[in-house]
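Visitor: I'm new to reading protein structures. Could you walk me through one?

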Amino acid sequence: DLVRRIYEHRNGLVPGFTKRHSVKRPVYFERYEDIQTAIQREHNIKHWSRTWKVRLILVGNPEWNDLYDSIV
């Protein structure tokens with residue numbers, strides 16, 4: 001539930017990286033029908049270098065716009 005997760009992060013309800021660094025804007029997301037596939041993809045991306053993650057964002061969102069409105 002991406003909308004719920006964004007709400008939690010924007011309101012500081014989730015401990016971890018996003019809360020420590022005040023991450024509030026979704027700039028990249030992927031949709032999956034299968035939850036296991038989504039969890040595995042998220043796990044894999046978390047282990048990538050920052051450079052790889054930035055490149056992934058730049059391909060689809062070069063201006064780093066807040067993508068929340070395109071999610072809901």
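Guide: Let's go through this one feature by feature, keeping in mind that the model is predicted.

Visitor: Where do I begin? How many helices and strands does the chain have?

Guide: Start by listing the elements. Here the chain has five helices and zero strands, so reading from the N terminus you get α-α-α-α-α.

Visitor: What does the radius of gyration tell me about the chain?

Guide: You compare it with the value for a compact globule. For 72 residues that would be near 11 Å, and the chain has 12 Å, which agrees. Along the principal axes, the C-alpha atoms fill a box of roughly 30 × 25 × 25 Å.

Visitor: What share of the contacts join residues at least 24 apart?

Guide: Take the contacts between residues at least 6 apart in sequence: 54% of these join residues at least 24 apart.

Visitor: Which residues is His9 in contact with?

Guide: Skip the neighbours within four places in sequence, and His9 is in contact with Val14, Thr18, Val23 and Lys24.

Visitor: How many positive and negative side chains are there?

Guide: Count each set, then compare their centres. The chain has 13 positive and 9 negative side chains, with the two centres 9 Å apart.

Notes
Residues are numbered from 1 along each chain as its sequence is written. This is a predicted model: local features need pLDDT of at least 70, side-chain atom pairs count only at pLDDT 80 or more; totals for chains, interfaces and linings use all residues. Side-chain values use heavy atoms; hydrogens and water are left out. Helices (H or I, at least four residues) and strands (E, at least two) are DSSP runs, numbered from the N terminus. The radius of gyration is taken over C-alpha atoms; the globule rule is 2.2 Å times the number of residues to the power 0.38. Contact means heavy atoms within 4.5 Å. Lys and Arg count as positive and Asp and Glu as negative; His and the chain ends are not counted. The place of a charge is taken as NZ of Lys, CZ of Arg, CG of Asp or CD of Glu.
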